[in-house]
Amino acid sequence: MKTLANLLISIVVALWVVGTAILAVQNAEPVSLRFLTFQSIQIPVGLVLAFSAGVGIIGVALLQPLWGLAGSNERNSESDDTEFFVDEEF
């Protein structure tokens with residue numbers, strides 16, 4: 001089952017990379033990004049897409065362990081409460 005999940009994840013990532021490459025080739029015009037008062041130099045759309053995707057992937061990879069720690073504490077506290085409030089009939 002784990003092999004099938006890895007295969008599906010690989011296929012989705014490969015399709016996403018191919019789609020991004022096609023979009024980057026079709027939109028090769030340089031663009032500049034603006035954020036508040038800051039403006040970047042003119043760079044191709046494909047480079048902007050690749051940079052944004054890379055930052056997103058790295059950000060999620062760094063934050064995922066923190067989400068796992070927060071979720072594990074909530075699950076443990078719920079399971080402790082359910083065991084505490086079990087009615088025992090004599």
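Start at Gln39, which lies in strand S3 (strands are DSSP E runs of at least two residues, helices H or I runs of at least four, numbered from the N terminus). This is a predicted model, where local features need pLDDT of at least 70, side-chain atom pairs count only at pLDDT 80 or more, and totals for chains, interfaces and linings use all residues. Residues are numbered from 1 along each chain as its sequence is written, and side-chain values use heavy atoms, without hydrogens and water.

Color by pLDDT, the predictor's confidence in each residue, from 0 to 100. The protein averages 78, and 76% of the residues score at least 70.

Beyond four places in sequence, Gln39 touches Ser32, Leu33 and Arg34 (contact: heavy atoms within 4.5 Å). Show side chains: those of Gln39 and Ser32 make a polar contact at 3.2 Å (N or O atoms within 3.5 Å, one able to donate a hydrogen and the other to accept it; residues adjacent in sequence count only if both atoms are side-chain atoms).

Next, select Val31 in strand S1 (residues 30-31). Its contacts beyond four places in sequence are Ile41, Gln42, Ile43, Val45 and Val48. Draw a C-alpha to C-alpha line from Val31 to Val48: 8.6 Å in space, 17 residues in sequence. Val31 is partly exposed, at 30% relative accessibility (buried is under 20%, exposed over 50%, partly exposed in between; 1.4 Å probe, protein chains only).

Finish on Leu7, in helix H1 (residues 2-26). Leu7 is partly exposed too, with a relative accessible area of 47%.
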